[in-house]
Amino acid sequence: MAIDLKDGLDEINSKIIAYKTTIITTETEKQLKKSSDFGDNFEEKKSKSLESLNDIEGKIGERKNRIKDGVKNQYEELIDLFNQSVKDTKTKISEKYSEKYSKVRDTNSVDFLIRQVLTASQNTKSRMSEIFVNEVMKTAGCSQEQEFIGNVDSEGSNKIYIRVNQIDLFKLLNKDPNEGNNELLYEINEPVNGSHPFSMDKELYHRLQNEGFSFESENGADYIGSSGLGIMNIKYVTSYVQNNNTFNGDFLEVTLKNRPNGNRISDFLRDYYGSIDIVNFDDLSVKILNLLTNFVDISVNLSGSEKSEQTKFEKIIQRILGLCFDSTKEIDVSGNSKLSALESLDQSFFELSSVELRNIESDVENMINGVTEFEDCGTVKFPVNSEFISDSVKVIRRVPENQKVDKFLTVAEDLSKDENWSFNLPDGLNLDVAIKNDILKIIPKAVVMTMLGPKSILGLMIVLKSLSSPVIDLIEDFKTFMDNMKSFMVNLVSKIGSIFIEELFIQLKKNLRELVETLLVDIVKESKNAQIKIITSILYVLVQLASAVIDWRQCKSVVDEILSLLNLAVSGLGGGRIPNFALAFSGSLPGYSPIRAMTNVTENLQKLGLPTGDMPDGSPNLVLPSILQQIKGVNDEHLENSKTETWCAPVPVGLVMTSYIRCSGKNY
């Protein structure tokens, strides 16, 4: 178990690198043994290895200078660990070592992760909807059985009035879906009552254009929920009278219908949210690419103030995604790190720092200037071709559902081929991977922002208003929503984020299992003790076991689970000092393993900052196979000539005890 979260993540990263390097070292050793001129070339390569060390130290220094101050959240940490865990493959070693060698990394790993994460966002829509419903009920402070006051028909007197700005936090409903690229911000289908998922954002815009005309009067029926029942009528009005007081403004008049089996709020919420797509891939793809490039904001001439508000929201989502729900305290004032959710979050948590505000100003300036930046590209500004991206997104929206993820990946790849983006790139940068890495990190934020559109917030506000919650009257815009809905936001965002943590963990575990199993196979092959195969077969079962993590928001629990899996390869097969009471069973230990020893040596070298991977010119690191040969040579000597001298405790012989007996044994 890790001492703390940072220590655990560092240990995981160290072990992954050590395991991969050990596997590569054993493969290199096998290939070297096949080469007839290995000995002639070793001395030649030794000097080059020393030169390479200085080169590597210089590159490490350059990399440190590029590291940003922000601390990664759990989701981003797992992305890095996944990329680290992808097995490296090497080209076949040639007979002449004067040739360069290359290590072929799985360049498809980021594509694979994006595909898995996007697929998870689609496959868990019902789960996300249930999370949303539960958080709405918690915020309203109501139980599953609490009821609202309904109406017999749409002309009933029990009406509720919701200000339009209370559901439209980012002013979507001010934009005509039939004008320019505004269509990308709305659902692709026209609203048809009873057809699910219903295009409610489009319907809400339509209602605002037809003051005084209700949904029921235009459609001949109340709005039909997922149950097939009419659940409410909606009308846009600019004034209403209540308790002899006249209220002026922009309001949605909502008339909730009586339900046949009681007006339980929980039933209404599930009926409503079941009728809309709370996370639609068409909307999600637009959100992702807009967060990446600002292409929609640029094309619709979004104002600087609107962009600033949206970017502030992104920053707060990022902070919440950094929360940890472990029992230990791990607080970092940066706001972007692993905070303890058990600590009460005061207003300062939602206040942006001066650095963040300057970054927001930069983001707004980029949008105004029609450019964007990518994390791995430093301060390079790329001109945004909004028309090309818009056309690409429209293609995504037209293809069948089962082809949308593939088409999205194609669009992401096409972005890197823009001829205007090939200038002034950092040396060695793969722009395609840089763009896709940013996309991967954006996805959870994009999902949350998709979930907080007008159609989703509408259900929340209906419940708050129907229960006469005083909170709703305090909400007028994005800022007041955040000020008064802190618990709702923290719980919703963190629980949605945990879905992606779980998906990344599943994929990471598959890679780690492969690394662990590879090492176990090597240990079995080298062992002269057949009993180890029995032990290893048990470990194979262990690495297949389901995770013990219950709450994926518990950062340290996730880290400890990963460490447990990694430790199976080195400590799971024995080693360490045996407690006195267990010494009698020491014969069941598997014995010394050169492969385990090499893994430990590699990890220790890495901790000292010594290079353990391939040389900068692509050639294999010949130092490591030489160390492995030393370890194996010492082990062979132990196996052939070593002995152990010890004493054995007195044992009863008849009615007397023997004296202490001098014993000898074999160390292996």
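Q: At roughly what angle do the axes of H10 and H14 cross, and are the two helices roughly parallel or antiparallel?
A: In this predicted model, H10 spans residues 281–293 and H14 spans 386–398. Their axes come within 9 Å and cross at roughly 160°. Angles over 145 degrees count as roughly antiparallel, so H10 and H14 are roughly antiparallel.

Q: How do the residues of the H10 and H14 contact divide by class?
A: On the H10 side you'll find Phe-281, Asp-282, Asp-283, Ser-285, Val-286, Leu-289 and Thr-293. They meet Ile-389, Val-393, Ile-396 and Arg-397 in H14. Sorted by class, the contact has six nonpolar, two polar and three charged residues.

Q: Which element gives the largest share of the lining of the largest cavity?
A: The largest cavity holds about 450 Å³ of space and is lined by 34 residues, with Phe-170, Leu-172, Leu-185, Lys-287 and Gln-310 nearest its centre. Elements giving two or more residues to this lining include H11, H12, H16 and H17. The largest share, though, is five residues, and those come from H10.

Q: Which element gives the largest share of the lining of the second largest cavity?
A: About 120 Å³ of space lies in this one, and among its 15 lining residues, Leu-321, Leu-323, Ser-494, Gly-497 and Ile-501 are closest to the centre. H3 and H12 are among the elements that give two or more residues. The largest share is five residues, from H19.

How values were computed
Residues numbered from 1 in each chain as written. Predicted model: local features only at pLDDT ≥ 70, side-chain atom pairs only at ≥ 80, totals over all residues. Heavy atoms only, no water. Axes fitted to C-alpha atoms, helices over the stretch in contact; angles between N-to-C directions. Helix = DSSP H or I, 4+ residues; strand = E, 2+ residues; numbered from the N terminus. Parallel < 35°, antiparallel > 145°, perpendicular 65-115°, else oblique. Contact = heavy atoms within 4.5 Å. Nonpolar A, V, L, I, M, F, W, Y, C, P; charged D, E, K, R; others polar. 1 Å grid on protein atoms, 1.4 Å probe; cavity = no way out; pocket = protein on both sides within 12 Å on 5 of 7 lines; lining within 4 Å. Points joined across faces, edges and corners; volume = space filled by probe spheres on them.
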